[in-house]
Number of protein chains: 2
Amino acid sequence: MSFTIQNALIPVDSGYETADVQVVDNCISAIAPNNPPFNSPPYQGGNPASNSPAYQGGNPPSNPPPYQGGDRGGQTVINGKNKLLLPGFINAHTHSSEMWQRGIIPPLPLELWIAELYDFTPLDPEQVYLSALGTAVETLLSGGTSVVDHLVLIPGQELETIAAAVRAYQEIGIRAFIGPLIQDESLTAGMPAGDSGIEHAAYIRSTKATLELMETAIKQFHTPEKGVNMLLAPTGIQLCSDALFEGCIDLSDRYNLCRHAHLLETPAQKQLAYEKYGCSAVEHLQKIGYLSPRTSLAHCVWLDDSDIAIMAETGATVVHNPLSNLRLGSGIAPILKYRQAGVNVSFGCDGAASNDSQDLLEAIKIGSILHNITDLDYRQWITPRQSVEMASLGGAKGLNLADEMGSLTVGKKADFVLYDLTSLSLLPRTDPIGLLILGRPTNAVDSVWVNGKQIVAEGKVKTIDVDALRRELFDRSEWTSKRQSQTVSEIEAHYRKVMNLQGYS
Amino acid sequence: MSFTIQNALIPVDSGYETADVQVVDNCISAIAPNNPPFNSPPYQGGNPASNSPAYQGGNPPSNPPPYQGGDRGGQTVINGKNKLLLPGFINAHTHSSEMWQRGIIPPLPLELWIAELYDFTPLDPEQVYLSALGTAVETLLSGGTSVVDHLVLIPGQELETIAAAVRAYQEIGIRAFIGPLIQDESLTAGMPAGDSGIEHAAYIRSTKATLELMETAIKQFHTPEKGVNMLLAPTGIQLCSDALFEGCIDLSDRYNLCRHAHLLETPAQKQLAYEKYGCSAVEHLQKIGYLSPRTSLAHCVWLDDSDIAIMAETGATVVHNPLSNLRLGSGIAPILKYRQAGVNVSFGCDGAASNDSQDLLEAIKIGSILHNITDLDYRQWITPRQSVEMASLGGAKGLNLADEMGSLTVGKKADFVLYDLTSLSLLPRTDPIGLLILGRPTNAVDSVWVNGKQIVAEGKVKTIDVDALRRELFDRSEWTSKRQSQTVSEIEAHYRKVMNLQGYS
């Protein structure tokens with residue numbers, strides 16, 4: 001597979017320039033800027049490079065790229081004129097099967113929201129397949145080339161669940177990082193007990209059985225060369241024993257896999273950590289050895305300064321999920337503090353039942369501006385270019401793949417996205433990256449390549465039949481405005497009491 | 001003009017039902033639910049009404065609407081099957097010509113951001129025409145049928161500026177509320193002085209001349225029957241004298257027009273109000289008589305409890321602009337407190353240079369979930385249905401038009417929107433309004449009617465040539481990554497000092 005994208009706008013230190021980007025096999029083989037550069041200041045009007053007619057076939061471009069291999073004559077050429085080329089973003093935390101419940105869960109905090117989520121979770125692997133496809137489509141059409149799926153497992157059909165997601169991601173061609181969501185404590189253990197002395201039911205599967213299941217899944221599904229990577233991904237301290245975390249560390253070390261988990265998403269979890277460990281969740285995770293440069297942690301809303309220092313010291317990555325943090329009232333993650341402390345930060349959509357979308361550009365926009373209200377000194381605020389780097393290279397770092405992806409760099413994987421700068425939502429022309437990150441791009445993704453393969457062309461996913469997917473999603477669901485979660489009604493009074501909410505019940 | 005939308009889903013108290021909605025002339029003349037209702041609980045599966053074939057012409061629908069006029073046979077029928085019909089939303093605060101600077105202004109707080117904005121403001125009425133069209137297109141395609149344009153005037157071409165916006169809104173057919181943005185103090189007066197003793201230059205136009213200009217504009221352009229309404233809209237306390245406010249009150253009373261202004265968007269403005277009046281801005285505006293049931297006020301971030309009580313007492317409306325409040329670091333408006341105090345709240349996109357979009361659904365989503373992090377008691381959080389009411393009826397109330405628009409009610413204006421519930425972004429089927437408000441709807445607006453006239457069909461604006469608009473916006477702009485605002489560099493040191501920002505310069 002070999003092709004060249006010609007005359008695309010790419011960001012460079014001094015602004016933008018037009019360039020020809022060549023791909024051989026699945027990697028970027030050359031990036032050749034055109035002369036004169038597009039936007040070297042002072043800009044004088046007119047624009048010879050970007051107004052020159054696009055390369056139309058037989059004639060070599062004026063700046064021939066270094067690659068001169070045998071298939072030069074028949075090499076595919078993509079017209080990048082009036083388009084912006086950026087590295088693919090990483091949707092660094094989601095739960096694909098939550099798509100079946102988007103739009104339906106009422107305004108509730110995490111601890112009650114999750115009870116309703118679990119009461120109505122999909123139980124058919126075919127549903128998992130369809131929602132993985134849906135998650136991938138929305139991620140691709142909002143600039144993502146990789147997805148981290150913290151995958152909810154169907155009890156009794158755990159391997160079938162993973163197989164369904166793997167099938168979906170391989171069919172559509174998005175790069176997938178699948179972390180089966182595991183726990184070994186039952187749902188009620190996830191709330192602070194206060195002085196209630198609540199007894200928790202045993203979890204449905206033993207810690208040992210869960211770890212064996214993970215090892216089987218790793219052997220069966222971890223195939224990075226085919227775009228499928230397995231992660232070890234215990235839910236988080238709220239529902240997992242140390243034995244489970246330690247088993248995951250062992251598997252991650254033996255198979256050289258990344259680790260993932262939720263971390264301190266809510267005030268209740270912070271309170272729970274002190275009940276459970278007598279210290280902060282971060283201190284405890286450091287103590288048992290879970291934190292590392294290949295550990296990414298979703299949310300990280302309730303860390304204090306000493307926790308942040310530990311994150312920096314261990315090299316762990318924060319995945320910022322601003323939309324679910326607002327929707328569930330979890331809080332504002334201290335992203336500016338993380339950045340100042342040198343902690344790597346990336347962005348995630350989180351599951352579609354707490355967002356309720358998988359539009360990565362929306363998550364990046366809100367995640368880039370949300371904390372402006374927490375720090376008056378605007379010199380600390382994130383610029384659109386920094387957002388792009390967090391969403392691409394930041395995501396890659398969190399997956400221990402910064403050497404292979406996350407930037408437009410010769411030798412890295414060809415995971416990138418071409419945005420149509422003539423979309424109304426990106427006009428009038430100003431700063432392309434500013435428009436993309438701070439605006440609300442609509443139908444702006446023109447083309448997407450993953451591992452050198454074109455997945456999206458002219459704004460349409462090419463690898464699967466999206467209309468058929470829509471029909472399946474439509475036929476397998478029904479409109480409703482009301483449903484009642486039995487579990488929420490059982491645990492709400494306790495939640496209100498332990499969180500000191502007015503009137504309790 | 002007379003037509004019927006058949007078998008559309010509409011929200012009712014008990015959930016949703018399918019209905020035929022008939023329009024005669026420019027008003028809703030009948031709403032006839034189909035039997036059996038779509039979703040009367042308990043839902044039993046199957047769905048005779050929504051699965052029955054759509055009305056195809058000659059045969060009368062099973063529930064004939066009351067209207068039996070002469071053109072019955074030739075009456076237009078719209079197929080509403082698998083579509084959700086909602087009242088049009090009101091984009092209750094924007095500045096259309098800011099579209100020329102979206103994506104380009106760096107992360108700055110309002111007081112510096114506005115300096116850069118003014119340094120590069122468009123000076124050609126044709127630009128104002130084009131950006132008004134762009135603002136209208138984005139508003140329409142995100143569920144809006146009305147726009148409140150707090151319109152920046154080109155010095156020396158004030159009436160031409162207004163005429164350009166009026167022309168755009170009439171051509172495209174959106175309902176427009178134009179409040180020329182007026183002030184009588186120069187930009188530096190908008191910052192707290194601290195102990196600096198800064199002298200401010202005189203403003204370019206006298207208070208008297210400005211008020212005369214407004215009266216001319218009202219006489220020339222205020223034509224509600226043609227969809228164009230003028231508002232009195234002084235910028236806000238930060239740049240206006242009492243004489244200007246009082247002149248606006250007088251004009252609004254004499255011509256029966258609504259009033260608009262910015263109010264307490266930033267901490268700096270709160271500080272300035274005490275410097276200027278020795279009391280809060282809200283107390284002062286009440287004292288001079290500016291607050292009323294036909295006054296809407298954009299932002300309202302920094303009101304305290306006694307200010308909120310005054311807002312409730314006077315019947316003024318708050319326009320919530322969550323995205324610009326985040327982008328500029330202004331803060332989180334206490335929307336839950338307003339609602340608890342009985343203050344009417346609506347939503348605005350704000351100008352596209354501080355958002356940087358005009359997607360009303362995005363503003364509604366973020367405005368509906370943002371304050372969840374400020375009040376732990378989720379029972380106060382806004383539900384998606386409440387969001388719809390705020391965006392439609394709340395907007396209408398703020399324009400003193402709740403009797404004429406803002407809900408699907410027989411006798412009200414036919415300003416409504418049909419959403420395609422088979423859009424991937426609204427699937428799988430769950431709660432349609434939950435999906436629309438909490439999701440990220442993409443290409444979900446199928447049709448829009450304003451005053452009974454269809455403006456959007458099959459997701460495309462019919463009344464103007466959007467491709468030609470894109471070409472004009474493209475040709476009149478250029479990509480750039482850097483520009484320097486002279487004014488920002490002049491005033492930044494003072495701003496940092498008076499706001500106590502570390503290191504000052």
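Trainee: Which of the residues of chain B comes closest to the rotation axis?
Mentor: This is a predicted model, and a rotation of 180 degrees with 0.0 Å of shift along its axis superposes chain B on chain A. The two copies are thus related as by a two-fold rotation axis. Taken by C-alpha, the residue of chain B that comes closest to that axis, at 3.6 Å, is Thr442(B).

Trainee: Is helix H2 of chain B mostly covered or mostly uncovered, and how many of its residues are buried?
Mentor: Helix H2 of chain B runs over residues 110–119 and is mostly covered. Among its buried residues are Leu110(B), Trp113(B), Ile114(B) and Leu117(B), and Glu111(B) and Glu116(B) are buried too. Out of ten residues, the buried count is eight.

Trainee: Which helices do the buried residues of H2(B) pack against?
Mentor: The buried residues, Ala115(B) being one of them, have their packing partners in chain B. These partners are helix H7 (267–277), helix H10 (322–327) and helix H16 (486–498).

Trainee: Where is Leu112(B), and which residue of chain A does it touch?
Mentor: Leu112(B) is in helix H2 of chain B, and it counts as buried because its relative accessibility is 0%.

Trainee: How far apart in space are Leu112(B) and Lys412(B)?
Mentor: In sequence, Leu112(B) and Lys412(B) are 300 residues apart. From C-alpha to C-alpha, the separation in space is 43 Å.

Trainee: Which element gives the most to the lining of the second largest pocket?
Mentor: The second largest pocket holds about 770 Å³ of space and is lined by 42 residues. Ile114(B) and Tyr118(B) are among the residues that lie nearest its centre, together with Gln183(B), Leu187(B) and Leu239(B). H2, strand S8 (175–182) and H16 of chain B each supply at least two lining residues. The element that gives the most, with six residues, is H2(B).

Trainee: How many charged residues does the lining of the second largest pocket have?
Mentor: By class, 22 residues of the lining are nonpolar and 15 are polar. The number of charged residues is five.

Trainee: Is Asn7(A) buried or exposed, given its positive phi?
Mentor: Asn7(A) is not a glycine, yet its phi is about 60 degrees. Asn7(A) is found in strand S1 (residues 2–12) of chain A. Its relative accessible area is 13%, and the cut-off is under 20%, so Asn7(A) is buried.

Trainee: What is the relative accessible area of Asn400(A)?
Mentor: Asn400(A) also has a positive phi, near 60 degrees. Asn400(A) lies in the loop between helix H13 (384–398) and strand S15 (416–420) of chain A. Asn400(A) is partly exposed, with a relative accessible area of 44%.

Trainee: Where in chain B is Pro428(B), which a cis peptide bond joins to Leu427(B)?
Mentor: The bond between Leu427(B) and Pro428(B) has an omega of about -5 degrees. Pro428(B) is in the loop between strand S15 (416–420) and helix H14 (432–438).

Terms used
Residues numbered from 1 in each chain as written. Chains lettered and ligands numbered in written order. Predicted model: local features only at pLDDT ≥ 70, side-chain atom pairs only at ≥ 80, totals over all residues. Heavy atoms only, no water. Helix = DSSP H or I, 4+ residues; strand = E, 2+ residues; numbered from the N terminus. Buried < 20%, exposed > 50% of the residue type's maximum accessible area, 1.4 Å probe, protein only. Contact = heavy atoms within 4.5 Å. Least-squares fit on C-alpha atoms with pLDDT ≥ 70 in both. 1 Å grid on protein atoms, 1.4 Å probe; cavity = no way out; pocket = protein on both sides within 12 Å on 5 of 7 lines; lining within 4 Å. Points joined across faces, edges and corners; volume = space filled by probe spheres on them. Nonpolar A, V, L, I, M, F, W, Y, C, P; charged D, E, K, R; others polar.
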